[in-house]
Amino acid sequence: MNLKKNLALVAALAMTATVFAGCTKTGGEEPVDTTAGGNDPVATDPAAPADTGDTFTVMSWNDEVPVKWGEKVYVADKGLPEGVTYNPVNFGVGGGEATPYFQNYMESGEDLDVFALEADFALTFLNSSYAGTLADVGISADEFANAYDYTMAIGTVDGVLKAVSMQSCPGVYAYRTDLADSYLGVKSPDEMQALVKDWDTYLDTAAKVKEASGGKCTMSVALGGLWQVFSAAREQDWVVDNKFVVTDEVKEFLELSKTLADNGYIDTNAKTWDASWYGRGQDGTTMGMFTCAWGLEGCILIDAAGGVDGPSYGLWNITEGPAGWYWGGTWLAVSSTTDNPNLAADFIRYFCADTDTMTHFAEATGTFVNNKEAVKNIVANGGYANPLLGGQDSYAYFAPAADNVPAMNIGEYDGTIKSALNPVMVDYATGKYASIDDAIKAFTDNVQAALPNLNW
Amino acid sequence: MMASAANRRIRRLSYAKYGYMFILPFFLVYFIFSLYPLLYTFYISTFRAAGTAVDAEMYYVGFENFKDLLFIDSPVRTQFFQAIGNTLILWICNFIPQIALSLLLAVWFTDNRLHVPGKGFFKVVMYMPNIITAASVATLFLSLFGETQYNPVNQILLSWGWIQEPITFLQTYQIKRGLVSFILAWMWFGNTMVMLMASIMGINPSLFEAAQIDGANSAQVFAHITVPSIRPMLVYVFITSMIGGLQMFDVPYLFNVGTDIDKYTRTIAIYIFERYSGATRDYGRSAAASIILFIITGILGAIVFYINSDKDEIAEKKRRRKEAKRLKGGAGF
């Protein structure tokens with residue numbers, strides 16, 4: 001039986017070896033005449049070196065940035081200089097699994113110009129020698145005056161701008177209009193917001209919903225989405241001077257989850273990203289869920305509605321909820337080995353700085369772009385009546401919400417610490433720890449086990 | 001006379017050359033894919049990464065990583081020791097029922113007096129779980145034992161009225177460990193059975209006949225003829241299963257449900273993987289844990305091999321060696 005495993009391993013290794021053998025360096029050794037063609041990006045900074053590469057490579061963990069946006073929006077709209085081919089690299093995995101794929105690609109020394117990052121693992125790459133600064137390719141921070149503050153804070157490492165976000169992802173509380181009407185008599189998102197404006201009011205409303213529905217309907221579903229609200233409100237990094245600090249938000253969050261679970265305002269058996277989570281959006285057993293700008297048509301809410309033909313499609317509305325918060329987003333960074341610096345700069349400007357192209361990008365893809373002017377333009381042009389939300393204009397809603405997201409720096413351990421908190425939060429809410437101190441102890445132990453190199 | 005001796009020697013040498021050529025591919029593969037990674041693992045187990053960046057510098061720390069895992073009281077060590085315990089529990093709980101069932105079935109299927117009908121059919125069916133990938137099996141069981149009223153096991157129990165509320169099977173660590181052990185036993189018993197059958201069929205039938213004529217019952221035949229005769233195969237099954245069990249990864253890993261309960265099925269291999277794949281890039285401790293696993297495997301393998309080796313033969317060898325020494329010593333005087 002062990003032999004079989006060994007054979008499989010050898011076969012896998014052999015295959016991997018052939019994969020590497022098949023890789024050839026596509027980076028351009030031969031300089032190409034970049035003056036040909038009318039679509040050439042114009043370098044604003046004369047100090048930026050000239051483009052010499054014959055391949056323009058954009059890398060991400062999935063096809064969103066390199067294909068859906070890079071190829072279908074950028075290349076289709078602007079084209080590339082003559083002699084340059086577009087090379088989208090996507091690994092078809094979730095953002096959480098991207099690190100080893102990115103690392104292997106970068107270490108292999110293959111051609112790379114622009115790559116995408118998620119906040120949770122951004123610093124793993126931004127702190128490395130593989131990431132260049134935006135100034136290297138002639139982009140200055142001033143160009144992003146219209147970007148939302150929190151997106152800039154995350155892309156700035158030690159005062160140097162290294163990555164900018166193409167989207168802004170303010171979080172929302174999405175609720176069922178039909179249930180809100182029958183249980184609470186709520187007719188508009190503004191009325192709903194008044195009932196969930198802070199956590200105390202939220203709990204009162206949850207009690208009302210529970211009573212009115214005879215205990216059938218909870219206020220929201222899983223705890224995972226809820227943590228994002230508290231996480232965004234953190235003002236201090238997890239690790240200060242190489243020491244781990246448990247901030248008050250953790251305690252507040254754990255206490256709140258326990259209150260919600262004890263009173264049956266939430267279903268702790270439902271798991272985030274699972275059918276038990278989505279399913280609750282269709283059978284009328286939940287008033288709403290915490291989601292965000294990418295979690296409407298893209299995932300979460302569309303699944304919770306059961307798809308376009310689903311039973312609750314069009315019955316949802318969004319409102320800000322108890323606090324301003326964000327959830328994820330996609331940042332773009334330049335590779336330190338880019339051989340097309342001007343093209344890379346143009347690509348980043350197209351998605352993250354230029355109001356006109358970003359307006360086009362938003363209209364083409366429905367993305368909530370990271371540009372206040374572009375958002376204003378879209379809202380002025382009639383906005384976007386979202387059929388999933390029964391015609392509610394998500395843009396008009398997101399615009400003020402994005403302003404309220406607190407600007408916070410990310411730390412290099414955020415993703416790891418979130419993973420250490422996840423099991424504890426469910427177990428504390430379901431009463432497996434005797435006290436909050438036990439839960440915090442378990443959390444701290446998990447962090448220490450994951451990050452033994454800190455000072456303990 | 002002299003010439004023919006020389007010829008013989010030459011012929012022997014040239015044969016050996018072909019022999020080496022035939023085994024060369026194995027050694028090449030072994031050196032590249034087994035020995036080199038093993039030595040390299042040992043090398044990186046003495047390093048630590050300075051920071052979390054993907055190209056963070058590795059600095060030399062000597063045996064600090066081993067010390068952290070084995071001696072310094074911290075959650076790192078607690079988790080590691082718990083992982084060792086989990087691995088042993090999961091392996092023992094799957095190996096004992098597995099070997100018992102395989103042995104029983106192997107004896108039944110090879111017994112001439114029983115004449116079990118459809119032997120070939122059963123062999124194929126029982127071997128089948130082994131063909132399915134562990135991932136599919138784990139997913140199947142996860143869905144069978146899911147926690148809502150829509151998952152089959154809960155659905156059946158509810159409809160029979162045995163329970164009122166769906167049971168959260170996967171939140172109870174004993175059930176979770178039990179399921180993992182059951183899956184592994186179920187997946188491997190067919191394989192073990194086929195190997196034991198092959199071994200039993202290799203026993204000289206006249207031994208069984210003689211025992212029958214002497215009036216031995218089935219239990220006596222089993223205890224005094226079958227088991228001693230297939231002992232080398234039993235040792236082989238035991239050692240391979242133990243090595244496979246110590247490296248257990250896929251099924252328990254897929255049973256992770258995202259709460260603290262997962263620590264009861266975190267095996268050494270999962271521990272190594274989590275350490276390696278986390279954002280902390282803790283290659284050093286991960287490699288150190290692998291080396292410790294290697295040493296544990298080596299020690300356990302040696303113990304099993306010693307216990308199961310033929311004591312009489314060892315005593316005989318010792319005696320012969322002593323005799324030789326005595327003779328040599330005698331010659332010297």
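Me: How many bridges join strand 3 of chain A to strand 12 of chain A, and do they run parallel or antiparallel?
Reply: Four bridges join strand 3 (residues 114-117) to strand 12 (residues 331-334) of chain A, and the two run antiparallel. Strands here are DSSP E runs of at least two residues and helices are H or I runs of at least four, numbered from the N terminus. This is a predicted model, where local features need pLDDT of at least 70, side-chain atom pairs count only at pLDDT 80 or more, and totals for chains, interfaces and linings use all residues. Residues are numbered from 1 along each chain as its sequence is written, with chains lettered from A and ligands numbered from 1 in the order in which they are written.

Me: Which residue is the bridge partner of Leu117(A)?
Reply: Trp331(A), in strand 12 of chain A.

Me: And what's the strand order of the open sheet in chain A?
Reply: The order is 2-1-3-12-6, five strands with mixed pairing; two strands pair if DSSP finds at least two bridges between them. Strand 2 (85-90) and strand 6 (163-165) of chain A are the edges, each pairing on one side only.

Me: Which helix packs on that sheet?
Reply: Helix 13 (residues 341-352) of chain A, touching strand 1 (55-60), strand 3, strand 6 and strand 12 of chain A. Touching means contact: C-beta atoms, placed from the backbone, lie within 7 Å.

Me: Switching topic: at what angle do helix 10 and helix 18 of chain A pack?
Reply: About 125 degrees, with the axes of helix 10 (residues 248-262) and helix 18 (residues 436-450) of chain A 11 Å apart. Axes are lines fitted to C-alpha atoms, for helices over the stretch in contact, and angles run from 0 to 180 degrees between N-to-C directions. That makes helix 10 of chain A oblique to helix 18 of chain A; under 35 degrees would be roughly parallel, over 145 roughly antiparallel, 65 to 115 roughly perpendicular, and the rest is oblique.

Me: Which residues meet there?
Reply: Val250(A), Lys251(A), Leu254(A) and Glu255(A) from helix 10 of chain A meet Ile436(A), Ala439(A), Ile440(A) and Phe443(A) from helix 18 of chain A.

Me: How is chain A divided into domains?
Reply: Domain 1 is 45-168 + 329-380 and domain 2 is 171-326 + 385-450, with bounds from an automatic or database domain assignment. Their contact takes 20 residues from domain 1 of chain A and 18 residues from domain 2 of chain A.

Me: How many residues does each chain put into the contact between chains A and B?
Reply: Chain B gives 30 residues and chain A gives 37 residues. On the chain B side, helix 10 of chain B gives the most, with four residues.

Definitions and conventions:
Contact = placed C-beta atoms within 7 Å.
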